[in-house]
Amino acid sequence: MSESTTIWVIIVAMGLGSFGLRFLFLGVIGDREMPEWVLRHLRYTAVAVLPGLVAPLVLWPSATGGQPDPARLVAAVVTLGVGYVTKNVLAAIFSGAGTLFLGLYFF
Amino acid sequence: MASYWDRSTFWRGFRDGLPFVLVVGPFGMLFGVVATEAGLPLVQVMSFSIVVIAGAAQFTALQLMADNAPTVVVIASALAVNLRMAMYSASMTPHLGPLPAWRRALVAYSLVDQSYALSVMEYEKRPEMTLAQKTSYFAGVIAPVLPNWYLATLVGALVGQSIPGSFALDFAVPITFLAMIGPMLRTKAHVAAAVVSVVSALLFAFLPWNLGLIVAGIAGMMTGAFVELRTENKDMT
């Protein structure tokens, strides 16, 4: 198999696989009623996945070779705090980005 | 034919999705640059972003391909990074499950971190939304984000020079996720789920194929459900 063919195989397999994962429940369950205990768990999907996704990125950023970085840590705390208090995603993004740039400048 | 179009809700979604162009843009561009530098021809770089639309999985695949990992390992690892999409799919089903199959397929194709997180936040904030409004909101969010992902990949592939490291673009993704998590922490159950998720993700970070995140996701969901049940029971007695 040539290298180009291998890459096409990877692209197609990843495309089909990713779509399969995204369609898994939407497609198969669709309009059918789900039991209350399942729904109860699903209500927490977002808060159970997204924090776990960012935690390692915040604590061990790849840009610093995995070393904790004060500017990024402070920016993360400010972003989360502003988002929690104001409930405003945009305000949180801009406060966090502003803090990060100030932090990178000073630290 | 039933209508799934609600104009004002679509535009509200569009406005909410618009800022994420600032995040998805640099991320897609970076993929275009890195993939081109890894030696992929333009048609393959673009196919990656159009067929897969999952930045983290695409970077994982590139990294493993550069390390000459076996094809099966490349595919399995990249898909493991995307396992969370199955959880998003399950979480969206109570809201968008009643759509016709081909519309559900379109939703599935465009189910990414940003469209999922913004939509689920909106559905929880306004439980009275109709199916048409929920669908229109989702479409509105994705409308500015998705084309920008393709376009940014193209620009990155064509420009092909590295973005200066001093921009700290690596942190654009964590900041937007954190900004979305803040408003989601509405109850004790949500906070508990988030805390358990963070602790488990860090504890199980050593697991291969990003499986630590799946452990964290399941542990977080169980915590949220448990705390919610306990709070309810306490209210009743």
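In this predicted model, helix α2 of chain B (residues 21-37) packs with helix α4 of chain B (residues 55-66), and the two axes come within 11 Å. They cross at roughly 15°. Angles under 35 degrees count as roughly parallel, and α2(B) and α4(B) are therefore roughly parallel to each other. The crossing of α2(B) past α4(B) is left-handed. On the α2(B) side, the contact is made by Phe27(B), Phe31(B), Val34(B) and Ala35(B). On the α4(B) side, Gly55(B), Gln58(B), Phe59(B) and Leu62(B) take part. By class, this contact between α2(B) and α4(B) has 6 nonpolar and 2 polar residues, with no charged residues.

The two chains also touch each other. In chain A, 63 residues are in contact with 74 residues of chain B. Five elements of chain A each supply at least two residues to this side: α1 (3-28), α2 (36-42), α3 (45-59), α4 (70-86) and α5 (89-106). The largest share comes from α1(A), with 18 residues. By class, the side of chain A that touches chain B has 44 nonpolar, 13 polar and 6 charged residues.

Leu39(A) lies in helix α2 of chain A. Its C-beta neighbours inside 10 Å number 15, so Leu39(A) counts as partly exposed. A buried residue would need 20 or more such neighbours, and an exposed one 12 or fewer. Leaving aside neighbours within four places in sequence, Leu39(A) is in contact with Met34(A) and with Pro94(B).

Key. Residues are numbered from 1 along each chain as its sequence is written. Chains are lettered from A and ligands numbered from 1 in the order in which they are written. This is a predicted model: local features need pLDDT of at least 70, side-chain atom pairs count only at pLDDT 80 or more; totals for chains, interfaces and linings use all residues. Axes are lines fitted to C-alpha atoms, for helices over the stretch in contact, and angles run from 0 to 180 degrees between N-to-C directions. Helices (H or I, at least four residues) and strands (E, at least two) are DSSP runs, numbered from the N terminus. Angles under 35 degrees count as roughly parallel, over 145 as roughly antiparallel, 65 to 115 as roughly perpendicular and the rest as oblique. A crossing is left-handed if the near helix is turned anticlockwise from the far one by less than a right angle, and right-handed if clockwise. Two residues are in contact if their C-beta atoms, placed from the backbone, lie within 7 Å. Ala, Val, Leu, Ile, Met, Phe, Trp, Tyr, Cys and Pro count as nonpolar, Asp, Glu, Lys and Arg as charged, and the others, Gly among them, as polar.
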